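Here is a short briefing to read alongside the model. Have the viewer open, and follow the topics in any order you like.

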Amino acid sequence: MFGKLLKYDFRAMWKQFAFIWPAALVLAVVNRFTLDGLDSSSSVGETTAGVAMLVYVAILMAMFIVAVIFTIQRFYKGLLGDEGYLMHTLPVKPWQLVASKLLCAVAATAVNVAVAILSMLLIIPWSKEDVQEVLQAFRYLFSHWNIQATEMTVAVLEFALCTLVSLAVGYLHLYLAMALGHLFNKNRAAMSVAAFIALQVIVSILGNMLLPPITDLISPFVHNFQGLEGFHAAMWFAIATELAASAVYFAGTNYILHHRLNLE
């Protein structure tokens, strides 16, 4: 049943972004050809290039704004609003409902980043020689693969994992704030905003209290590593910290949905 729930949420995500993602890529290709107009003396070419770039930037900004709105809307309306009457009757546990919404939100943001990077690469005026040089570089890298290349790949994957976990923390922060705001009978949206700010203040206070002694404790251990080893240690410390915060946010949200849910 959890798989069907994921399918339902990802289908809703696709409907939300089905226009924006292709539009960003198409506009990137358009800008690839219109940017030449900036170097010309033609006012029409300059205007066309400026408008195309403006629309492209607007699409990118809208893409990430829609991701945040989509995340808030899917959780608030789907689990705390009118749709909640149906969702909470499904044969799944509250934590599975939260997990499905979270995975979908993180995936949407990750795809947004991938589309943004790909679109920027499409704008670059690649020549045939540039493409050949890039391919040769990859061939050389794979033909001379060594331990250092492996460590660099692991470092990139660690950074990507840390980024995804950080995204999850941010979304779970929103989820818990909305769940706390929903405990009140009136002004739930305003109370959710107040809960978000209160949680942020609490996290900041705890961070200022706990991080310095923890950092002092592990600093000698981290300093024993050199080069990429130090980076690996720092990444895993950051991932562990973010996972701990995620667990607290997730447990709090799950508790409210399971024991204190009020859809009236």
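**Overview**

Buried residues make up 32% of the 264 residues in the protein chain. Please keep in mind that this is a predicted model. The chain has 9 helices and 0 strands, so from the N terminus on the elements read α-α-α-α-α-α-α-α-α.

**Fold and surface**

- Among contacts in the protein chain with a separation of 6 or more, 78% join residues 24 or more positions apart.
- The accessible surface of the chain comes to about 16,000 Å², and carbon and sulfur atoms hold 72% of that area.

**Nonpolar cores**

- The largest nonpolar core has 25 residues, and Phe75, Leu102 and Tyr175 touch the most other members.
- Two or more residues of this core come from each of α3 (43-80), α5 (94-123), α7 (147-181), α8 (188-223) and α9 (228-259).
- Helix α7 provides the largest share of this core, with 9 residues.
- Which residues does Leu102 touch, not counting those up to four places away in sequence? They are Ala168, Tyr171, Leu172 and Tyr175.
- As general background, nonpolar side chains in soluble globular proteins tend to be buried together.

**Largest pocket**

- The volume of the largest pocket is about 550 Å³.
- It is lined by 22 residues, and Val203, Leu206, Gly207, Thr241 and Ala245 are the ones that lie nearest its centre.
- Helices α7, α8 and α9 each supply at least two residues of this lining, and the largest share, 11 residues, comes from α8.
- How do the lining residues of the largest pocket divide into nonpolar, polar and charged? The lining has 14 nonpolar, 7 polar and 1 charged.

**Second largest pocket**

- The second largest pocket has a volume of about 210 Å³.
- Its lining is made up of Ile72, Gln73, Tyr76, Lys77, Leu174, Ala177, Met178, Ala189, Ser192, Val193 and Phe196.
- The elements that give two or more residues to the lining of the second largest pocket are α3, α7 and α8.
- By residue class, the lining of the second largest pocket divides into 8 nonpolar, 2 polar and 1 charged.

**Two residues to look at**

- Thr109 is found in helix α5. Is Thr109 buried or exposed? With a relative accessible area of 8%, Thr109 is buried, because buried means under 20%.
- Leaving aside neighbours within four places in sequence, Thr109 is in contact with Ala67, Leu167 and Tyr171.
- Where is Asn187 found? Asn187 sits in the loop between α7 and α8.
- Asn187 is not a glycine, yet its phi is positive, at about 50°. For comparison, most residues other than glycine have a negative phi.
- Asn187 counts as exposed because its relative accessibility is 58% and the cut-off for exposed is over 50%.

Conventions: Residues numbered from 1 in each chain as written. Predicted model: local features only at pLDDT ≥ 70, side-chain atom pairs only at ≥ 80, totals over all residues. Heavy atoms only, no water. Helix = DSSP H or I, 4+ residues; strand = E, 2+ residues; numbered from the N terminus. Buried < 20%, exposed > 50% of the residue type's maximum accessible area, 1.4 Å probe, protein only. Contact = heavy atoms within 4.5 Å. Areas by Shrake-Rupley, 256 points an atom, 1.4 Å probe, with all protein chains shown as cover. Core = buried A, V, L, I, M, F, W, Y, C linked by side-chain atoms within 4.5 Å. 1 Å grid on protein atoms, 1.4 Å probe; cavity = no way out; pocket = protein on both sides within 12 Å on 5 of 7 lines; lining within 4 Å. Points joined across faces, edges and corners; volume = space filled by probe spheres on them. Nonpolar A, V, L, I, M, F, W, Y, C, P; charged D, E, K, R; others polar.
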